[in-house]
Amino acid sequence: MNSSTVDRRLSTLSRHLAGTIDKEGSGISCSPTSGADSVFTNVVRAPEDPILGVTVAYNKDPSPVKLNLGVGAYRTEEGKPLVLNVVRQAEKLLVNDRSRVKEYLPIVGLADFNKLSAKLILGADSPAILGNLVTTVQCLSGTGSLRVGAEFLARHYYQRTIYIPNPTWGNHGKIFTLAGLTVKTYRYYDPVTRGLNFQGVLEDLGSAPSGAIVLLHACAHNPTGVDPTREQWEQIRRMIRSKSLLPFFDSAYQGFASGSLDEDAQSVRMFVADGGECFIAQSYAKNMGLYGERVGALSIVCRTADVATRVESQLKLVIRPMYSNPPIHGASIVSTILKDRNLYQEWTLELKAMADRIITMRKQLFDALRARETPGDWSHIIKQIGMFTFTGLNTKQVTFMTTEYHIYMTSDGRISMAGLSSRTVPHLADAIHASVTTVV
């Protein structure tokens, strides 16, 4: 390339950087964002997420006795995040497998992961699996699974209304609303008994329009920790089927509630056994400790194998413009554990140990409150199940505990039992006792 050619290219580049030249040769000014004010000046500051914002406030607190009971992540007795031993073993196997590559996964994700996920929640002998009535796609944890399912329903289902329990996880309403569904609530929690408002559940679902979608927590209801009994689940199932409602299960804690993977899947399996259709969003954040890997699955149980195939084809059209295809590493960890008998067995033992520690924390907190003769009936702490407990504390009492005791939780009084330890239970019990005796 000669010097005159180089000079011409440099001259062209210089003119391009200075401003575009129009057809008449007059210079066009730089972009409209070059003024003193940003084009986003009118954007208002959004409020902190009510759950994640708790951690933001906690991190800013310099107190040595501070305690974060807001975030839904398991902690050890020492208060540290836990990476399961079985997960480390699976990762070693994956790293040492020289045949593994980093190519894109298909739109629906890792095939082994999808098959094994469906079997985990439905049971290997499920008639839906044996009859090829299930389509499963890998998604971005539970949130992504819910969103993909919601987008599909908004495009292809004749009813656009979904009923979610009151209360429920704070993100549920946003996910379904942004997907284009109309969100309504059904009564679930009874603040008087701090248990299930079973009559309210049946009445509200009984008055829902035929075909409406119903969000159900498979187990370990978030935020209350209140689950229906098996007999109550059966009555709920009959009500839903009699009204031709469409159940959409959120299964975020399989095995993490009772310590049994099969026990925690019973509600879902009851609905699949009756031959009806349903949606199931799964997450491996809690039960495998894969929070940051964002590993989840959406399964849709259909009436026929042909419908299941067509549903999958449309799910691809939802996923492709959303995130194209899911990440490979977390799903590979899950499938490695689920298909290896020894790893699977070790996982069930680690999972039960986590569930048992949470149950122990419930008992210790209940005993500590009883020892302090704290006013009120605190038996709901040991009756509720899973990661969270709905304490019954009001907003003023929560604020008091944060200000005076540096204990952080969501304003509705929900606490993560997984964030407690034998060392911190007395501090929490002191704070609860002080709050209910000082603040009305």
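The structure is a predicted model, in which local features need pLDDT of at least 70 and side-chain atom pairs count only at pLDDT 80 or more, while totals for chains, interfaces and linings use all residues. Residues are numbered from 1 along each chain as its sequence is written, and side-chain values use heavy atoms, with hydrogens and water left out.

**Around Gln159**

Gln159 sits in the loop between helix H6 (141-156) and strand E3 (161-166). Helices (H or I, at least four residues) and strands (E, at least two) are DSSP runs, numbered from the N terminus. Leaving aside residues up to four places away in sequence, Gln159 touches Pro209, Ser210, Gly211, Ala212 and Ile213; contact means heavy atoms within 4.5 Å. The side chain of Gln159 also reaches the backbone oxygen of Ser210 at 3.2 Å.

**Two helices**

The table compares the span of each helix, from first C-alpha to last, with the expected span, which is 1.5 Å times one less than its number of residues.

| Helix | Residues in helix | Span | Expected span |
|---|---|---|---|
| H3 (85-96) | twelve residues | 17 Å | 16 Å |
| H13 (341-371) | 31 residues | 45 Å | 45 Å |

Which residues of H3 are buried? They are Val86, Val87, Ala90 and Leu94. Seen down the axis of H3, these buried residues fall within an arc of 100 degrees, so they line one face of the helix. The arc is taken from the directions from the helix axis to the C-beta atoms. The buried residues of H3 pack against helix H12 (329-339) and H13. On the face turned away from the buried side, H3 carries the exposed residues Lys92, Val95 and Asn96.

H13 is followed by Glu373, whose phi is positive, near 55 degrees.

**The sheet**

Seven strands form an open sheet with mixed pairing, in the order E2-E10-E9-E8-E7-E3-E4. Strand E2 (134-140) and strand E4 (182-187) stand at the edges, each with a single partner strand, so one side of each is left without a neighbour in the sheet. Two strands pair if DSSP finds at least two bridges between them. E2 and strand E10 (residues 295-301) pair in the antiparallel sense over seven bridges, and the bridge partner of Thr136 in E10 is Ser299.

Technical notes
Buried < 20%, exposed > 50% of the residue type's maximum accessible area, 1.4 Å probe, protein only. Polar contact = N/O pair within 3.5 Å; in protein donor to acceptor, adjacent residues only side chain to side chain.
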